[in-house]
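Please read the following report alongside the sequence and the model.

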Amino acid sequence: MKKLLKYLSPFAPDQSGAVATLFELGGLIVICDAGGCTGNVCGFDEPRWFLKRSAVFSAALRDMDAILGRDQKLVEKVVDAAQSLDTPFTALIGTPVPAVIATDFRALKRMVEKRTSRLCLPISTNGTAYYDEGASVALSELYSAFATESLPVDPTTAAILGATPLDISAPSPEKLLNAAHALGFPHVFCATMGGSLEDVRRAASSSLNLVVSPAGIATARLLQQRFGTPWRTWFPVPDLPEIAQHASVLVIHQQIAANAIRESLEQRGTEHVSVATWFRLEKELARPGDIRLSSEEQFADLANRFDVMIADRHLRHAVPAFQGTWVDVPHFAISGRLEGTP
Amino acid sequence: MAEAFSITAAELVSLGKNAIPPQLRSTEHLVYSSPATLAFNSPGAQGFGVKRAGLAVPESVMLLVAPACCGRNTSALGAESSLADRFFYLLQDEADIVTGRHLTQIPQAVQEVVASCQKRPSAVMLCITCVDALLGTDVEAVCRKASEAAGLPVVPCYMYALTREGRLPPMVSVRKSIYSLLKPTPRRKDAVNLLGYFSPLQEDCELPALLRSVGLQTVKELSRCADFAEFQEMSRANFNLVLHPEVRVAADDLHQRLGIPSIELTRVYDLEKVRHQYEALANAIGVTFKFATYYSRARDAVEAFHAACPEAVFAVGEWCNADPFELTLSLLRYGFRVSDLYGTVSTASFVYLRKIAELSPNTRIFSNLSPTMLVYHGSPDATHAIGNDAAFYNPNRPAVSWADEPQPFGFAAIEHLFRNLLALL
């Protein structure tokens, strides 16, 4: 059965991607759930949660709230919290509960904005998609709302789009920033990791947007359209061992990271490198033969065709028959494991 | 916002149990998410939630039927742990959660899961979530179909967070599901079950020894059952001891189905209360317990800490193996002070709150769940913290997390708590 997981556990869901995108920006983040989703998002998918405080809340929906569609009660709770906390915006994050009862997030946005006089970002995730979908929607909503001012372009400045711990498997962006500086940009801002809402507001001043995950592409296009800012995909490649020239290699990660690893291997002489991902596969970034994975069976069939696998070691559970070399590259969205941890 | 909402014990008691301030009622506000609330929002993230609890049935496997988000934290329990080969997932997509079409796939999924296991499981625990709660799925019927298809017991585990404050909350319901697997068997006079926890009592807890000392030779705990056959022996018990209120419904069910009566004991940290409780139990079953040694050891531990730290002021949390209101009252009765209490106030809390208000009217009560806890940065008065939440708020104070998996109970619980506190000095 395609949707049956016998060896793997589910990957980070869309709601985790949305929260990860907004986590450090000071907003009132309301996960519209009964509590369990919030526990999973924060307790498992957000390593920064243990290091710094953020205004993340569960709407604490109960059965009768859902059955009777008590949107007004939810709005009252949000307004109470917004009045207590000096937050610059509100974000409403969807989960399966509002999806089942067909909550109108746009209507909630209007109600919340009217009562709080602050912008509200409606993120209608539903828990069935993966983190990149939620991150993409949240990032687009964020930049649509706050990156509105045209500013002079600073040629020494670049911005990173689409970075979350789920993508880079680190709780802080230092490595990413250092690598971006090495590209020749003395000033690099990364709003979603180590940054602030101010970094979003000054998006127009960036001379180049560096997109580190597929979740950043829609926003990069938006900013190109709005301010003319050019963008390109980019991901700092982790240290990799020597791989034989004629070995067939499969790289599994989010597409932009996997592409970067492939290019790095090819530059070092490896000839046959393919890319697969469990997440978004953007056609324009893919080569013929690149694959979007959708089941354990498909993955097992595919894996056995390669000599070398470059992927999070968690995936190995699904391919016990794989006899080749496994190069472990952690992907937090898959295993919940940070780079450099056992 | 200036500060976190709190109220003194005296103020709260004067308002009364019918007028608990909305700031202390989780249904009336957004629930703050911090490491201090993790156990509330997602008990399974650390410790036992429905998923791990369901797997307390020896040799069982679990099929979680849910959107990907509901199974996410299970990877922390899964791949690298002893539970790795016992979790399976049937993922619901967007169409499933609206139409319920996944229900027809469950029997086949159960069959595939069973076929993939190296050893045939004892049962399949079918874990379902808020989605099916809202769809109104007849899970019992689905389980019957799956059971017929796979030829082994399939029982539901309702991970319905939406019903957390309802009549049958998830952690109550899962206990009922687990013990529903016990079948009628001839009973034994010398057998007793300890019900309530998913992990064993601390090794040196006196309760099993006291029971054995009066001829109850077979003392069973779910978590100590090596296999399903041993688990089934729990149905031979003469009576059950209910050690956690969330197992009452299961105990009632066992009484109804198998005729096993139950007696409830409460985990308390007051020496005299523990003594009275054992005396009452002894009277009920017509025996005499000799617990003087255990009592003395616990009393000595309390006195040793009191002698070493007579001015101790505690911040007491709810993320620990104690009722924070009962623990606070016990600490006050031992002569300590409690400045801050982090707990979920319910009408039941007032049994303790009234006495706390008499002994320490200025003890401040906070709710971990209040949005205002975002700006709470610890107690200025506390010298010690008990509980993971209290330790989180007061990172610079010596703290006992008191939330380990082996369960403390009786005199041994008191002894260990105070020895742990003493070890901090």
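Pro241(A) lies in the loop that links strand 9 (231-233) to strand 10 (248-252) of chain A, where helices (H or I, at least four residues) and strands (E, at least two) are DSSP runs numbered from the N terminus. This is a predicted model, in which local features need pLDDT of at least 70 and side-chain atom pairs count only at pLDDT 80 or more, while totals for chains, interfaces and linings use all residues. Residues are numbered from 1 along each chain as its sequence is written, and chains are lettered from A and ligands numbered from 1 in the order in which they are written.

Is Pro241(A) buried or exposed? Pro241(A) is exposed, since 8 other C-beta atoms lie within 10 Å; a residue is called buried if 20 or more other C-beta atoms lie within 10 Å of its own, exposed if 12 or fewer, and partly exposed in between, with C-beta atoms placed from the backbone. Arg201(A), which belongs to helix 10 (residues 197-201) of chain A, counts as partly exposed, with 16 C-beta neighbours inside 10 Å. Leaving aside neighbours within four places in sequence, Arg201(A) is in contact with Phe146(A), Ala147(A) and Glu149(A), two residues being in contact if their C-beta atoms, placed from the backbone, lie within 7 Å. The table gives a C-alpha separation for each of these two residues.

| Pair of residues | Separation along the chain | C-alpha distance |
|---|---|---|
| Pro241(A) and Leu265(A) | 24 residues | 9.9 Å |
| Arg201(A) and Leu142(A) | 59 residues | 9.7 Å |

Helix 2 (residues 36-45) of chain A is mostly covered, with 10 of its 10 residues buried; among them are Gly36(A), Cys37(A), Asn40(A), Phe44(A) and Asp45(A).

The domain assignment divides chain A into domain 1 (14-145), domain 2 (154-233) and domain 3 (248-335), with bounds that come from an automatic or database domain assignment. Between domain 1 and domain 2 of chain A, the C-alpha centres lie 24 Å apart, and 21 residues of domain 1 of chain A are in contact with 23 residues of domain 2 of chain A. On the side of domain 1 of chain A that touches domain 2 of chain A, the elements that give two or more residues are helix 1 (14-22) and helix 7 (131-146) of chain A, and the largest share, nine residues, comes from helix 7 of chain A. The residues of that side divide into 10 nonpolar, seven polar and four charged; here Ala, Val, Leu, Ile, Met, Phe, Trp, Tyr, Cys and Pro count as nonpolar, Asp, Glu, Lys and Arg as charged, and the others, Gly among them, as polar.

Between the two chains, 57 residues of chain B are in contact with 55 residues of chain A. The elements that give two or more residues to the side of chain B that touches chain A include strand 2 (31-32), helix 6 (94-99), helix 7 (106-116) and helix 8 (130-135) of chain B, and the residues of this side divide into 32 nonpolar, 19 polar and six charged. Strand 3 (residues 56-58) of chain A runs antiparallel to strand 2 of chain B and is joined to it by two bridges, strands being paired if DSSP finds at least two bridges between them. Within this pairing, Tyr32(B) is the bridge partner of Phe57(A).

Chain B itself comes to 19 helices and 15 strands. Its radius of gyration, taken over C-alpha atoms, is 23 Å, close to the 22 Å that the globule rule gives for 425 residues, so chain B is as compact as a globular protein of that length; the rule is 2.2 Å times the number of residues to the power 0.38. Buried residues make up 53% of the 425 residues in chain B.

Strand 5 (residues 124-129) and strand 6 of chain B pair in the parallel sense over six bridges, and Val155(B) is the bridge partner of Met125(B). Six of the six residues of strand 6 (residues 154-159) of chain B are buried, so this strand is largely enclosed by the rest of the structure. Val154(B), Pro156(B) and Tyr158(B) cover one side of strand 6 of chain B as buried residues, and Val155(B), Cys157(B) and Met159(B) are buried on the other.
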